[in-house]
Amino acid sequence: MTTGRVLVVDDDPSLAEMLSIILEGEGLEVTVCAAGDLALRAFRESKPDVVLLDVMLPGIDGVEVCRQIRAESTVPIVMLTARTDTVDVVLGLESGADDYVTKPFKPQELVARVRARLRRGDDNAEAETLQLGDLTIDVPGHVVTREGSTILLTPLEFDLLVALARKPWQVFSRETLLEQVWGYRHAGDTRLVNVHVQRLRSKVENDPENPQIVLTVRGVGYKAGKA
Amino acid sequence: MFLGTFVALALGTYMYQRIATGLTARATSIGEQQALNERDYAQSLFNNAPRTDINSLRAIGLQIAAPVTGTGRESDGGQHDRIVIMRSVDNTFPPLGIISTESGDERLIPASLRAAVQKDPTHAQLQIGTAPVNGKMIPAVIVGARIVIPNAGNYDFYLVSPMTAETQMLGIVRTSFLLGGLALTLLLAGIAYLVTRMVVSPVRDAAHVSERLTAGALNERMQVSGEDDLARLATSFNAMADSLQRQIRQLEDLSKLQQRFTSDVSHELRTPLTTIRMASDMIHASRSDFTAPVARSAELLSRELDRFETLLTDLLEISRFDAGAATASHEPGDLRDIVERVVDGCESLAAAQGVRLRVHARRPAVAPMDARRIERIVRNLVTNAIEHAEHKPVDITVAANPTAVAVAVRDYGVGLREGDAEQVFNRFWRADPARARTIGGTGLGLSISLEDARLHDGWLQAWGEPGNGACFRLTLPVRAGQPIVRSPVTLAPDDSSIGIAMPRGNSLTMGTPAAGGPVGHSDPGGERWRSAR
């Protein structure tokens, strides 16, 4: 069982406490923060491995908090949202969240998401270097470089890129990517994939309007560009 | 316009005819009088002739026939008069020859006129013929009479008097009539245009504005100018539009408020529900530590929470449809894949109910669809069918035709009562409230399915007969925007006309029974069907 630190940002004390009970029951270390404007300080102090972030927060709303945290860290962020409307979800994802769970969620579901975000880092440690276009990917080192300069990716974006780069001949459906990268066993929300591919492109493509690294295969999904 | 031209033409022609007749009548009377004068003059010349030998008589004749001016005839026109003196048919004296003003003039005299003079020598005979004037043939009055030349016998005297003046006058009249007619026509056109501008265009404006209003441009108004009837029409039209707009706005606000409220309530309920859910799961997980009644309570709590959650989710989904906020992605998908997934998912439920699921899907059925929504519809139909199949098999048929793909779920269970097929899509509708529920359901499942189908421009229809089971059919267009002509799967066993077209007006406003609803029919005395999730 991985131990890890989780920062819960939620203004509802009952829910925050319940979340703490559940996550601590899973052997995780939990810090709670009740307001958006305190979240960034709490984040800096607790240095969590995963952030659970409610979208509706007093002070600064969750989307903004997400943006602030993302500005200084690549820590995995899971949004807690009561809204399943496309706009809200996409807005949250675009602000930098890796994943989201819709209230009401089952405890196991939440734990699974958090575990999936924590899982990375403890898989293989063998040296593996992938080449994709003009990018060099150092898999165990979690570093992507173009002509010597490092491109900063979140763990999830990195995983997405690696998944595509390992099998450049294969077209990945959104469902497959969800399973491989996010760790969903059942079909989840394919919007996650769309948004993250957009974000990944904005970082790794020379011209995001005309992608060369991550290609869209219409009606099927995505594949890696030519090595 | 055409009528105006026609009237002008007809009137002109009539007046022209009248004038021509009048002129001819005048010309003939003048011609006749003149001819008689000429004849008397010629007769007197011949009577007083000093010598009556042929040559002298001929000379006199030539003198008479010579183009004469200033003999009291009308100044112009008269100069074109010809005189012809010819021997009568019954004359036995030696001939004088034909005497004429110009040689060849005798050919102008019609034979019928000669015969008339022969027949009645005492009167002047008159006929209209033609005569050349300046190389043109124009109508002429020809008058014939008899003269008696001493020593030469009876001769016919003819005066050919071309109607030069009259022809000229007629020409002028015709020209003026043509010009007048043209002017009149143009005038008519102008008036018609003006009338159109003044009367028709405001009416046309009104039609245009009301079309725009119908299309939803509620701010559209008519221009009011002047104080005539049209202005009054515009004013009352605008008043009507104002009132309509106000009412529509009110209704919109009200409905927005209501939708907003539903949505807010659902959202606000979610946070505490999440906490309750987790707490309940904790308790449920450690229920073995409790006494039997407490453990059972924990189970009930957990189960009902599931139901509560589903209901909330469904309510939220419905409120999203009501708010028009639901959007569907349209990516090509095969109905067979979806059916396969649903059947896999329902296998254990079907087994528990002792129902066999039979899938008939031979050919691909690809259409643009939001796979999540379509799967939700199919799952809903299949679980419904399983629940009502009464341990008999359920047939799931997938097919495609050029305009549509469809999946029909047919069970052979209790069926639907008459009128139920229209009701099944209503929210919270249950055919028989007394019936024990075996599979949890919110009563919103089919309503949501119908909305999902509508989002795809598809059809969702129900058919059922008591004791013979029921059939639910989902039909989707193969191309977005192209209407479905006919569903590739039959709905009822005797599917002649039932459900070929999607009936309109199956509104699902909460609290009102869905008017119409997809077509279905059934006989009285049957059992029940209810919408389950």
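In the predicted model, D334(B) and R336(B) form a salt bridge, with the closest N and O atoms 3.4 Å apart. The two partners differ in cover. D334(B) counts as buried because its relative accessibility is 11%, under the 20% limit. R336(B) is partly exposed, with a relative accessible area of 27%.

Over all chains the count comes to 32. Side chains of opposite charge can pair when their charged atoms come close. In chain B, D242(B) meets R221(B) in a salt bridge with an N to O distance of 2.5 Å. This pair links distant parts of the chain. D242(B) lies in helix α5 of chain B, while R221(B) lies in the loop between α4 (164–214) and α5 of chain B. The two residues are 21 residues apart. D242(B) is partly exposed, at 35% relative accessibility. R221(B) also counts as partly exposed, at 24%.

A further salt bridge joins E317(B) to R376(B), with the closest N and O atoms 2.9 Å apart. E317(B) sits in helix α6 of chain B and R376(B) in helix α8 of chain B, so the pair ties together parts that are 59 residues apart in sequence. E317(B) is buried, at 6% relative accessibility. R376(B) is buried as well: its value is 18%, and the limit for a buried residue is under 20%. The pair does not stand alone. E317(B), D370(B), R373(B), R376(B) and D452(B) are linked in a network of salt bridges.

Helix α8 of chain B, which holds R376(B), runs over residues 371–388. At 1.5 Å a residue, its 18 residues should span 26 Å.

Just after α8(B) comes E390(B), with a positive phi of about 50°. E390(B) is not a glycine. Most residues other than glycine have a negative phi, and most peptide bonds are trans. E390(B) is found in the loop between α8 and β9 (394–400) of chain B. Its relative accessible area is 41%, so E390(B) is partly exposed.

Chain A has backbone exceptions of its own. K47(A) has a positive phi of about 45°, although it is not a glycine. The residue is placed in the loop between α2 (36–46) and β3 (50–54) of chain A. K47(A) counts as exposed because its relative accessibility is 54%, over the 50% limit. A cis peptide bond runs from K103(A) to P104(A), with omega near -5°. P104(A) lies in the loop between β5 (99–102) and α5 (107–119) of chain A.

Chain B as a whole contains 10 helices and 12 strands. Of its 533 residues, 42% are buried. The chain exposes about 27900 Å². Carbon and sulfur atoms supply 58% of that area.

Chain B also meets chain A. The two chains bury about 1800 Å² between them, and 61% of this lies on carbon and sulfur atoms. H267(B), R270(B) and M278(B) supply 31% of the area that chain B buries against chain A, more than any other three residues. The contact takes 19 residues from chain B and 21 residues from chain A.

Which pairings cross this interface? Between chain B and chain A, the count of salt bridges is zero. Two residue pairs are in polar contact across the interface, both at pLDDT 80 or more. On the side of chain B that touches chain A, the elements that give two or more residues are α5 (229–285) and α6 (292–322) of chain B. The most comes from α5(B), with 13 residues.

Key: Residues are numbered from 1 along each chain as its sequence is written. Chains are lettered from A and ligands numbered from 1 in the order in which they are written. This is a predicted model: local features need pLDDT of at least 70, side-chain atom pairs count only at pLDDT 80 or more; totals for chains, interfaces and linings use all residues. Side-chain values use heavy atoms; hydrogens and water are left out. Helices (H or I, at least four residues) and strands (E, at least two) are DSSP runs, numbered from the N terminus. Buried means under 20% relative accessible area, exposed over 50%, partly exposed in between (1.4 Å probe, protein chains only). Accessible areas come from the Shrake-Rupley method with a 1.4 Å probe; for residues, only the protein chains shown count as cover. The expected span of a helix is 1.5 Å times one less than its number of residues. Contact means heavy atoms within 4.5 Å. Buried area is the accessible area (1.4 Å probe) that two parts lose on being put together, summed over both. A salt bridge is a side-chain nitrogen of Lys or Arg within 4 Å of a carboxyl oxygen of Asp or Glu. A polar contact is a pair of N or O atoms within 3.5 Å; within protein, one must be able to donate a hydrogen and the other to accept it, and residues adjacent in sequence count only if both atoms are side-chain atoms.
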